[in-house]
Amino acid sequence: MCDIMMEIERERDICLAQAENKTTGCSGMWDKIVCWPSADVGEVVTIPCPKYFFYFTSHLHMGNLSKTCTEDGWSQISTVSYVLDCGFNPNSTMDDETGEFYGAIKVGYTIGHSMSLISLTIAIIILCLFRKLHCTRNYIHMNLFVSFILKATAVFIKDVVLYEVGETDNCHSSVGCKSVVVFFQYAIMASYFWLLVEGLYLHALLAVSFFFEKKYFWWYILIGWGAPTIFIIAWVITKAYMNDPGCWDIINDNPWWIIKTPILVTILVNFFLFICIIRILRQKINCPDIGRKESHQYSKLAKSTLLLIPLFGINYIIFAFIPDHIHPQVRLVFDLILGSFQGFVVAVLYCFLNGEVQAEIKRKWRRWMLQRFLGSDTKYQQPSTGSNGNNFSTQITMLTKSSPTMRRASACQENFSAI
């Protein structure tokens, strides 16, 4: 709505600046809808329909509006004539169907973000409660969970502020409204950067011979939270310098590339990392120094990696350089609905299906049941059970432990380090 108001004000200012006062005939005028140039008595003036009509519906044709200059002034045109002459059909149900579609989209992503928020919160609680799950890998997972929690929270806050409170109707929005949009954009960018961190960490585990996890952990923190902060600050400064009106929720302007470009870069880097990961796994599987058991584990890991590729935002590339007016409904389904379930999928893959997490929960459950059966004063200790090796994260843990077979200085190992 703010865009429409700005367009109308711009057309009005141009019209008033070009208006000519005539002693005879009709002077140029702004009738609150379009600008009419000066004309002589009896002259019929025809002008094209205003461009801002297309904000209301995209099914208008480029019609024309006409007025006649009479001795008493300009002839009167009703508002209905404006709409009909520009090709709008009041009996059309197209706009009603569009409204229903957008309503279904909002319901869909609300359900998705709600499921993501609940599942991610449970996942963080699980990883924090069990001390044996505290490691660098799970710390990275928890930061990824937090970024998706912030994203879901920002979506709910933005919907309330922009659509229920009605800040989008105010072309001079408050600082609070702009702050909500800034927080929303930061949460989205942080989730992409933490997905990049997951890709970097996975590649480092496979490609680096001696990988010190704690040494690089703070660099991961800097990439995941620091890099989005820099780009968001640059975007805010640009918006403020341009004196951009409204609530800064417009994403088709030039400053939007300050946010869009880093996201595209993170996705492309992740795509390149996954290609390298698949190559490394393929060579490890075909290496003659690798046993049958380890080869089977690498095969499982390759399948898990392929399943994670869509999760890391590769589908975003498909619509990145396609104009917004091409298949907008398909774009909305992918970006809003499927994207809203991304946090839920992350929680399932990295926590609920994690073999270590399942083993630890089972161990704690058996211990609690045994203590309940024997009595609360009975001390019971049970060695921690390892993972069965069928899980993606558990297999990553096994790769960090150097076995005698993996330490052989073979030609195959030299090929790994060359990648």
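Two strands are taken to pair if DSSP finds at least two bridges between them. Strands (E, at least two residues) and helices (H or I, at least four) are DSSP runs, numbered from the N terminus. The structure is a predicted model, in which local features need pLDDT of at least 70 and side-chain atom pairs count only at pLDDT 80 or more, while totals for chains, interfaces and linings use all residues. Residues are numbered from 1 along each chain as its sequence is written, and side-chain values use heavy atoms, with hydrogens and water left out.

The secondary structure of the protein consists of 14 helices and five strands. Confidence is expressed as pLDDT, the predictor's score for each residue, from 0 to 100. The average pLDDT of the protein is 75, and 67% of the residues score at least 70. For residues 382-419 the pLDDT falls below 50, although in the model this stretch has 77 contacts beyond near neighbours in sequence, a contact being heavy atoms within 4.5 Å. Where pLDDT is low, the predicted coordinates should not be read in detail. Of the contacts in the protein with a separation of 6 or more, 70% are between residues 24 or more positions apart.

Accessible areas were computed by the Shrake-Rupley method with a 1.4 Å probe, and for residues only the protein chains shown count as cover. A residue is called buried under 20% relative accessible area, exposed over 50%, and partly exposed in between. Buried residues account for 42% of the 419 residues in the protein. The protein exposes about 23600 Å², of which carbon and sulfur atoms supply 62%.

Strands β3, β4 and β5 form an open sheet in the order β3-β4-β5, with antiparallel pairing. At its edges stand β3 (44-48) and β5 (73-74), each with a single partner strand, so one side of each is left without a neighbour in the sheet. The antiparallel pairing of β3 and β4 extends over five bridges, and in it I47 stands opposite L65 in β4. Between β4 and β5 the antiparallel pairing comprises two bridges; T70 has G73 in β5 as its bridge partner. A hairpin connects β4 to β5 through two residues. In a regular strand the side chains alternate between the two faces of the sheet. In β4, the covered face carries L65, K67 and C69, whereas N64, S66, T68 and T70 belong to the uncovered face.

Salt bridges were assigned where a side-chain nitrogen of Lys or Arg lies within 4 Å of a carboxyl oxygen of Asp or Glu. By this rule there are five salt bridges. One of them joins the side chains of K67 and D31, with an N to O distance of 3.8 Å. K67 lies in strand β4 (residues 64-70) and D31 in the loop between β1 (29-30) and β2 (35-36), so this pair ties together parts that are 36 residues apart in sequence. K67 is buried, with a relative accessible area of 6%, and D31 is buried as well, at 18%.

Another salt bridge is formed by R137 and E356, whose closest N and O atoms are 2.3 Å apart. This pair links distant parts of the chain, since R137 is in helix α4 (residues 136-164) and E356 is in helix α12 (residues 355-374), 219 residues apart. R137 has a relative accessibility of 6% and counts as buried. A salt bridge is also found between the side chains of R363 and E360, at 2.8 Å from N to O. Being three residues apart in helix α12, R363 and E360 are separated by about one helical turn. Both R363 and E360 are buried.

V330 belongs to helix α10 (residues 328-340) and counts as partly exposed at 39% relative accessibility. K106, located in helix α3 (residues 94-129), is likewise partly exposed, at 34% relative accessibility. Although K106 and I337 are 231 residues apart along the chain, their C-alpha atoms are separated by 8.2 Å.

How values were computed:
Buried means under 20% relative accessible area, exposed over 50%, partly exposed in between (1.4 Å probe, protein chains only).
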